[in-house]
Amino acid sequence: MERRRQERVRRILMLSLLSVTALIILAAAVVLVRTLFFDEPVDPRTVRTPEGVEVDLLTPNPYSRPQTPLTEIRGIVVHYVANPCSTARENRNYFEGLKNQSGDNATSASSHFVVGLEGEIVQCIPIYEIAYASNERNADTISIECCHPDESGKFYDSTYDSLVGLCAYYCKEFGLKPKDVIRHYDVTGKICPKYFVDDPDAWKQFRKDIKKAMKQIE
Ligand SMILES: [Zn+2]
């Protein structure tokens with residue numbers, strides 16, 4: 001009798017041990033699958049603005065800052081202002097001025113950031129609100145406008161370097177890759193940013209430079 005009871009207790013213990021082990025393995029598998037395939041999107045509200053950016057937000061208005069929430073960021077869209085020699089501040093003020101429109105011919109335009117000729121960065125819209133820059137990708141991207149000295153659309157090194165740094169920073173924060181940084185051209189076929197459309201090698205190099213900059217952020 002005693003032996004049989006001992007046998008039963010041992011069997012129950014073994015079964016419990018097996019169940020616990022199975023449960024642990026199952027939980028580990030669920031965590032693994034979740035991290036591999038269902039990355040939780042980063043809430044843009046939790047990401048701070050990088051050092052050195054001048055935050056000068058537009059007044060909320062229907063034409064340039066509609067305050068539509070941007071909840072998930074899946075890319076960054078690069079633009080050029082197409083107005084040679086204009087400064088970051090002038091472009092920011094142009095977006096601000098759109099609030100004074102009315103009627104049927106109103107223009108809607110804006111950008112989260114404008115990078116100036118000297119590499120200065122002005123933020124016009126918080127990254128948790130959409131900007132009117134990238135057409136159907138407004139809903140899931142950060143937009144960056146860049147100033148340039150002439151019609152070629154080529155950026156000064158100062159502008160280029162700030163742009164690379166800004167893209168690298170947000171790629172890191174949102175778990176994006178350099179290939180998630182796209183041109184306005186890739187969304188609509190518009191020649192924007194002109195220099196990176198005219199010179200695909202320069203565009204490739206730009207993405208490589210983002211990759212390099214991301215490594216330096218670690
Ligand atoms: Zn554009």
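Helices and strands are taken here as DSSP runs, helices (H or I) of at least four residues and strands (E) of at least two, numbered from the N terminus. In this predicted model, C85 lies in the loop that links β2 to α2. The phi angle of C85 is positive, at about 75 degrees, although C85 is not a glycine. C85 has 11 C-beta neighbours inside 10 Å and therefore counts as exposed. A positive phi, of about 50 degrees, is also assigned to N135, which is not a glycine. N135 belongs to the loop between β4 and β5, and it is exposed because 12 other C-beta atoms lie within 10 Å.

A further backbone feature concerns the peptide bond from C192 to P193, which is cis, with omega near -10 degrees. P193 is placed in the loop between α4 (184-188) and α5 (194-198).

The largest nonpolar core comprises 42 residues, of which V115, I144, C146, L163, L166 and C167 touch the most other members. At least two residues of this core are supplied by each of β2 (75-80), α2 (88-97), β3 (113-115), β4 (121-123), β5 (141-146), α3 (157-174) and α6 (200-217). Helix α3 provides the largest share, eight residues. Leaving aside residues up to four places away in sequence, V115 touches A88, I121, I144, C146, C147, T159, S162, L163 and L166. In soluble globular proteins, nonpolar side chains tend to be buried together.

The packing of α3 and α6 was examined next. The axes of these two helices come within 8 Å and cross at roughly 60 degrees, which means that α3 is oblique to α6. The crossing of α3 and α6 is right-handed. On the α3 side, the contact involves V164, G165, C167, A168, Y169, C171 and K172, which meet D209, I210, A213, M214 and I217 of α6. By type, the residues of this contact divide into nine nonpolar, one polar and two charged.

Helix α6 also contains K212. K212 counts as exposed because it has 12 C-beta neighbours inside 10 Å. K212 and L32 are 180 residues apart along the chain, and their C-alpha atoms are separated by 29 Å.

N61 is located in the loop between β1 (53-55) and β2. Since N61 has 17 C-beta neighbours inside 10 Å, it counts as partly exposed. N61 and E96 lie 35 residues apart in sequence, with a C-alpha to C-alpha distance of 8.8 Å.

How values were computed: Residues are numbered from 1 along each chain as its sequence is written. This is a predicted model: local features need pLDDT of at least 70, side-chain atom pairs count only at pLDDT 80 or more; totals for chains, interfaces and linings use all residues. A nonpolar core is a set of buried Ala, Val, Leu, Ile, Met, Phe, Trp, Tyr and Cys residues joined through C-beta atoms within 7 Å. A residue is buried if 20 or more other C-beta atoms lie within 10 Å of its own, exposed if 12 or fewer, and partly exposed in between; C-beta atoms are placed from the backbone. Two residues are in contact if their C-beta atoms, placed from the backbone, lie within 7 Å. Axes are lines fitted to C-alpha atoms, for helices over the stretch in contact, and angles run from 0 to 180 degrees between N-to-C directions. Angles under 35 degrees count as roughly parallel, over 145 as roughly antiparallel, 65 to 115 as roughly perpendicular and the rest as oblique. A crossing is left-handed if the near helix is turned anticlockwise from the far one by less than a right angle, and right-handed if clockwise. Ala, Val, Leu, Ile, Met, Phe, Trp, Tyr, Cys and Pro count as nonpolar, Asp, Glu, Lys and Arg as charged, and the others, Gly among them, as polar.
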